[in-house]
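The following briefing is meant to be read beside the sequence and the coordinates. Please keep both open while going through the points.

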Amino acid sequence: MKIEANDITMIYPSGKKALQDITLQAETPNFIGILGPNGAGKTTLMKLLIAGLVPTKGKILLDGKPLLSQEKKFKSKLGYLAQSFGLYDELNVWQFLDYMAALKGIKNKNKAIDSVLEQTNMAERKKVRIHNLSGGQRQRVGIAQALLGNPELIILDEPTVGLDPEERVKFRNIFSEMAQNKIILLSTHIVEDVQAVCNRVLVIYNGSILFDGTPSDLILQTKGHVGIYVSQLGDNVPEGCEVVSKVNIAGGIQCRIVADKLPSFAKNTDPTLEDAYLYCIKREGEKE
Amino acid sequence: MKFFSLYRVELRRLALSKFLWGIMILCLCAPLLGYSVFAMSYSEVMSGKYIANPVLAGTTIGAILWAVFTIAESDRQHRMGTDVLSDAIASPAILCAARAAALLSFSVITTILSSLLYLPYTADKMEYLFSIGFYMGNFFTFMMPTWFISILFAEAFYQITRRIELAVMLYAVLCYFSFSRFAKDDYFSRWLNPLIVTYSDGFPSIWPLRVGIYTRAIWFLLAAGSWFFALLCIRKYQKNLVLSFARGLKKLYILILSATFLAAGVLLWINQPFVDHGPEEYVEQDFSQYPDIIMADSIDYSLIVNPVEGSLSGKVKYDYSHYTGGGEQKIQLNTGYKVTSVTYAGEKLTYKMPGDAVNGSQSLVLILPKGKSGVLTIEYEGFPSMARFMYPFMVYQSIDKEYISLNDAAIAPVNMTTTGPCTARITMPENLIPFLDYEPMHNFVDNHDGTKTWTTKSASGYLMTFYAADYKTESFLAGDVKIDFAYGKKYEDTVRNNNVQQAIIDVFDYCTKHYGKSQYANGKKGLLLQQISAMAMGGHATEGYCEWFETVLSPDTLNDPQKGANNTEVFIHEMVHQWWRSYGLECKEEELWSNEGLTVYSTYRIVKEKYGALYAKKYYLDKWQEDVDTQNREFYYRHPEYFKKLPKKYRARLNQQNESINWYSRMPLMIKRAEELVGGEEKMDAILQGMYKENSLQNPNSDLFTFQDFLNACNLTKEDLYLE
């Protein structure tokens, strides 16, 4: 499978420009992490890629043909988890997945449902009414429906929200395994997840792609721009620096910063993906 | 394939909804209201009370409940965000279709449950009048389709507006239309609260069911058309209504389906065959404008009834062997019929049908060629329709395999007549007993194909009235009068158990003793007492003929002696008309004088003798007084100067109301006052006897009897009888 977005711009009827001149391509196998601050356009991009929106300008192609002309075929290959979604509270877990399997037109439904229930650790709760599930369990049901039928393209918008750390790790590993033979697009705020499993990362800011490449390339770009120093309570952040993290230590507060030019008192250190992402956003923000 | 898969899971999903179960339970309870507060049919027959009313209540309330559920359920998908996931993997239109199909299925299940739930009670109450086919037919003619229509409209309104409050508002407007005065007496406009004027217990009620099916079909097509249209409006790609519709138009077949369904609904409505498109009010026709009638030497009618289609085909031959004068003839034929051929002396004759519709008939204009004699043959066929001015309260043109009722131009063309022999052959289902022009037909030929052809020779010029039903007939003597008594077979036990025959004899004895012998005495001519379907409404009497309103023999009536004034005694009333109407003493109709008043008074006297003064006071005197008091309080009655300023339509309605009270309540009360003033009942009986003897039409010199004649006979003035 190959999905392409060529020079797409999305302007909502309210006049808000959500995306501008976005171009990207993804072929199987691919596990793409999409990073960006709130309102950057991640969800809009995902909606465009699931044919939930039509771009104001540009084209989205599936295997070289316009996506909207093969919507039915495309949807049969798609697994999608929205950032916020609803479930039918009157159904139990199994019934809901059966419902979604019918929507997807999955032939061997029972096997497919059992498989995703195992994957999402919901097998024991398959007879529980959705109404009685916790937030995390509902999220797992959401993930399970996205994985149903082993779709070729999986688009996940903040899939691990509400999950405990252990489950989060488990899921990202599941996604990683699945990405061997499909395209997975993962939108998240948790940079660590992207760093752990994605072979490619997109950084979106203000409707534009700031970076499209491997995580290591993004990290590489940031080399020499990440430093640490120890500050005291009440000290100001040095000008031109963005604090990535603060950790209380014996001598004060250890601050991790990114900057175009590190202050002299900061000790240069190896960047992480989070540092790289923040540096990328900071740099773009300064341009504006 | 995917649709059926979706349909199945939607069914299961909905089946788990407590809201749906609540709606279904309320729908099952709704018919209960039909037994009391929500009596929607005008009918007082048992099938009206125990079938029509509960079914209509269930239909209307259920339809609203289903609409509420449909809108709420559609909105819920959007509100809860389940559509975020589902729309990403399936077409919202297919999902909408699957949901609608599932809802329709649940409405079918609810209809079945509802029909089964009330079955034992209905069967128990209706006893021998209960028919399982008719009972179930009502549920599936009215309840199920109306629920379908309601669900489709509700879904359509939601998908078009995508706003719950707007969808509810649009649905409410549509409901209002169905309940508005525009739709009040219109079978076709009342989509939500179907109009059932009346049913019959003893005779088939196919006509109301036929209309019911037809109107449901009209509205189903309109609702389905709207629903298909709404599919085009389903929001996609987060676009607004206009842009979604514009995108939806790419699926041209949906637009074509929508337009086809809507157009079919409108066409069905416009071309409905049940009621003509004539004026709403009766039109006084000026027959002096018609060409003179050319008398035929004889007329031969040949009619074939098709009970399955509810249609009739006829061939009428007018013999003009001795006429060569030619000339235009304007003939009236029922508006439902189409003339297929007109020939004269073996040659085709051109004719015109201007398409006018007045009082239930249309004109057929033809010109007989001058200097040529021969036989004029008119062939016609079709589904007899009813006059709009009579509609909807009387079903007097009806053909089905167990009941036929045809009147005037619905039998054959009128206006053409003969002084010579008039023969008629009528082919119809073999089980039916026919009555033509208020007389039984006796001769028939069995066609051995499930039909019989009945023949008769009538002295009258053209055919006026034709009834045929699965009658039980009896003949007996009431005094000197030979009575032919025909009633529905379902009432056979009732007639026997309640000694109805003796009651008839009693009435004849009373009237003969108090007023004199009836015209039927001395074996001159018999009297046909015929029970007619309740759908024909009211009672009617004419020379040698008296018809009974059907409920006279119903269990409700006969088991409740307190209910006589409006039902049981109708048959007494109609029989009394044999004295106070044609061929008895016939009154000249005036504002406060008519045959009806005399007949009501005599009925009261008979009832008083049979059931006692208390009963007669309660159901006659008090009722008359109440009606008169109501009329006296009526503003426009007290102020004729304002009455004159009312629009014609309202004046006509009030006139009709006043006429009814004047004749059926004020006049008998005035006769009662006269009775008191002349010295009591015996004196009044003597006066009435004198009036009858001297003025009945048996005496060829007598004129129509006026109010002044009555006052003179009583030696009273109008002022003496004035009622405060």
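Which backbone oxygen lies 3.0 Å from a polar atom of the side chain of Arg140(A)? It is the backbone oxygen of Asn121(A), a polar contact in the sense of a pair of N or O atoms within 3.5 Å, where within protein one must be able to donate a hydrogen and the other to accept it, and where residues adjacent in sequence count only if both atoms are side-chain atoms.

This is a predicted model, in which local features need pLDDT of at least 70 and side-chain atom pairs count only at pLDDT 80 or more, whereas totals for chains, interfaces and linings use all residues. Residues are numbered from 1 along each chain as its sequence is written, chains are lettered from A and ligands numbered from 1 in the order in which they are written, and side-chain values use heavy atoms, with hydrogens and water left out.

**Confidence in chain B**

- Within chain B, confidence is highest in helix α7 (residues 132-161), at a mean of 97, and lowest in helix α14 (residues 555-558), at 64; helices (H or I, at least four residues) and strands (E, at least two) are DSSP runs numbered from the N terminus.
- Over residues 560-564 of chain B the pLDDT is below 50, and this stretch has 8 contacts in the model beyond near neighbours in sequence, a contact being heavy atoms within 4.5 Å.

- Arg140(A), in helix α5 (residues 135-147) of chain A, is buried with a relative accessible area of 6%, where buried means under 20%, exposed over 50% and partly exposed in between (1.4 Å probe, protein chains only).
- Leaving aside neighbours within four places in sequence, Arg140(A) is in contact with residues including Thr120(A), Asn121(A), Arg125(A) and Glu167(A); the C-alpha atoms of Arg140(A) and Thr120(A) are separated by 5.9 Å, although these residues are 20 residues apart along the chain.
- Thr9(A) belongs to strand β1 (residues 2-11) of chain A and is buried, with a relative accessible area of 6%; the side chain of Thr9(A) reaches the backbone nitrogen of Asp21(A) at 3.1 Å.
- Beyond four places in sequence, the contacts of Thr9(A) are Leu19(A), Gln20(A), Asp21(A), Pro55(A), Thr56(A) and Lys57(A).
- Gln631(B), located in helix α17 (residues 613-633) of chain B, is buried with a relative accessible area of 1%, and the residues in contact with Gln631(B), apart from neighbours within four places in sequence, include Tyr637(B), Asn658(B) and Arg666(B).

**Domains**

- The domain assignment (automatic or from a database) divides chain A into domain 1 (2-214) and domain 2 (219-287), whose centres, taken over C-alpha atoms, are separated by 32 Å.
- The contact between these domains takes 11 residues from domain 1 of chain A and 10 residues from domain 2 of chain A; the area buried between them is about 930 Å², of which carbon and sulfur atoms give 81%, buried area being the accessible area (1.4 Å probe) that two parts lose on being put together, summed over both.
- For chain B the assignment gives domain 1 (2-220), domain 2 (291-422), domain 3 (470-553) and domain 4 (580-724).
- The C-alpha centres of domain 3 and domain 4 of chain B lie 25 Å apart, and about 1,300 Å² is buried between these domains, with 48% of that area from carbon and sulfur atoms.

**Interface between the chains**

- In the pairing of the two chains, 28 residues of chain B are in contact with 35 residues of chain A, and the chains bury about 2,700 Å² between them, 60% of it on carbon and sulfur atoms.
- On the chain B side, Leu85(B), Ile89(B) and Tyr237(B) lose the most area to chain A, together 27% of what that side buries.
- Helix α5 (residues 82-89) of chain B is mostly covered, with 6 of its 8 residues buried, and Leu85(B) and Ile89(B) are among those buried residues.

Notes
pLDDT = per-residue confidence, 0-100.
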